[in-house]
Amino acid sequence: MKVKLTEQALLDAARGNTGLADFGDEADWHEGFQRLVQSLNEEARLNAVGRLIAFNELLRHLENRLRVTEDLKRHPGILDVEIVKPLFMVGLPRTGSTIMHDLLAKDPANRVPMTWECHLMSPPAEAASYETDPRIAVCEQHFEQTSRALIPEFQALHEMGALLAQECLMLNAFDFKSIIFANQFRIPGYQSWVENSDPTPVYRTHKRQLQYMQWRNPRERWVLKSTGYHWGLAAICEVYPDARIVMTHRDPLKLIASHCSLVSMACSMGSDEVDRIEIGQMWSRSWEEAMRRGVAFRESGHPVARGAFDMHFAEILKDQVDMAQRIYEHFDIPMSEEALRRMRSFIASNPRDRHGTHRYTLEQFGLDRSKERARYRFYQDYFKVAEE
């Protein structure tokens, strides 16, 4: 039976599954939802499995909206929760931001969005059951039935797990304005709209989400990470004027090839027509624009930009715990002995390439090495990024 991937079918299913009807302010989410559904139907070249994956992904986000909106109406005091000096890890893909995010999550003073609580947001997580919540098992089962079952080698490129720190692309999907969807499906029209839309409303929602998650499980500070922040740096500064920024850097030719490989693998879960050349062209342009926005942000003179910390991939590889200590020192954050112990234990038990090695080249995606090097020279020169 063919899945009916329409706006009405999704909205009806979400309302029926939850018994709720209020999705929140339409200005926050409706246009993005409509554009995404349209793009999935007209551009994504989905097979039957892909239509089912897309339907279930969008349905989950809609159900999260319904439940969270209801929770906020019942507990308006959630919006009085203070978010103080959140640390944003602005990471280009494949630059070491994931391992550093997971590492900083080991500090008991740090709060990160965990994958399971982003996957199934309601009710707000509680401190007493944070490591035993039944949603953890539900989320793990989801990965077993999707990415791990369809493409087992995906773990070698991007580890997925309920108890791993999650990047804010997942939180931004709550408003249906996130680049996470273009990492899963061929939707260039939707992706272009996301990149060129005002992200400020998304980060206002983002703050409410942090307040929601922090309400019953507070820590001293938030540590956040996303590849999508480059398109929202000014909005982040507006919504979080005391934000602390870490920018991760790597040879662009390495990160572009790796990201294109990840996207082509993810798209192949739901489509029989994956064009690697098209993926290379699209994401090479997108990440060039992201890098230009990153440079413009640093040249803006904004106090948050002036206080940013640059983290280079080669230095991360040498000693991740030392890099964590350098970040803390830069922002005058105290590092406890317990945090150091947990971080060292995490690195010792999580060696690089523990899920295998995935190999890829620029040429697989129709990208010429010399042309790509010239394309990104401005970024390497500005941030002093070495070639690998």
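Okay, ground rules before we look. What's on screen is a predicted model, where local features need pLDDT of at least 70, side-chain atom pairs count only at pLDDT 80 or more, and totals for chains, interfaces and linings use all residues. Residues are numbered from 1 along each chain as its sequence is written, and side-chain values use heavy atoms, with hydrogens and water left out.

Let's start with charge pairs. Side chains of opposite charge can pair when their charged atoms come close. The rule here for a salt bridge is a side-chain nitrogen of Lys or Arg within 4 Å of a carboxyl oxygen of Asp or Glu. How many salt bridges turn up in a search of the whole structure? The search finds 31.

Take arginine 204 and glutamate 238, whose side chains form a salt bridge at 3.5 Å, N to O. Arginine 204 is in helix α11 and glutamate 238 in helix α12 (residues 233-239), so this pair ties together parts that are 34 residues apart in sequence. Arginine 204 is partly exposed, at 44% relative accessible area. On that scale, buried is under 20%, exposed is over 50%, and partly exposed is in between, using a 1.4 Å probe and protein chains only.

Next one: arginine 298 and aspartate 310, with a salt bridge at 2.7 Å, N to O. That pair links distant parts of the chain, twelve residues apart, with arginine 298 in helix α14 and aspartate 310 in strand β5 (residues 309-312). So is arginine 298 buried or exposed? Arginine 298 counts as buried, at 18% relative accessibility, while aspartate 310 counts as partly exposed at 25%.

Then there's arginine 373 with glutamate 387, a salt bridge at 3.5 Å, N to O. Here too the pair links distant parts of the chain: arginine 373 sits in helix α19 (residues 369-375), glutamate 387 in the segment after α20 (377-383), and they are 14 residues apart. Arginine 373 counts as buried at 13% relative accessibility, and glutamate 387 as partly exposed at 49%.

If you like networks, Asp22, Glu70, Lys73 and Arg74 are linked in one made of salt bridges.

Now some buried residues. Arginine 60 is in helix α3 (residues 48-74), and it's buried, with a relative accessible area of 9%. What does arginine 60 contact, leaving aside neighbours within four places in sequence? Cys118, His119, Leu120 and Met170, where contact means heavy atoms within 4.5 Å.

Valine 321 is in helix α17 (residues 320-330) and is buried at 7% relative accessible area. Not counting residues up to four places away, valine 321 touches Leu103, Leu340, Met343, Arg344 and Ile347. With methionine 343, the C-alpha to C-alpha distance is 6.5 Å, across 22 residues of sequence.

In α10, the residues Tyr190, Gln191, Trp193, Val194 and Glu195 are buried, and what covers the buried residues of α10 includes α2 (26-42) and α14 (276-299).

On a 1 Å grid over the protein atoms alone, a cavity is a set of points where a 1.4 Å probe fits but cannot get out; a pocket is an open set with protein on both sides within 12 Å along at least five of seven lines; and lining residues have an atom within 4 Å of a point. Grid points join across faces, edges and corners, and a volume is the space filled by probe spheres set on the points.

There are four cavities of 30 Å³ or more. The largest cavity is about 140 Å³. It's lined by 14 residues, and the closest to its centre are Lys177, Val194, Pro199, Gly228 and Trp231. Helices α9 (168-172), α10 (188-196) and α11 (200-214) each supply at least two residues of that lining.

The second largest cavity holds about 90 Å³, and its lining residues include Ala44, Gln184, Arg186, Cys267 and Glu278.

And finally the second largest pocket, with a volume of about 440 Å³. Of its 18 lining residues, the closest to the centre are Ala105, Lys106, Met114, Tyr130 and Glu131.

Key. Helix = DSSP H or I, 4+ residues; strand = E, 2+ residues; numbered from the N terminus.
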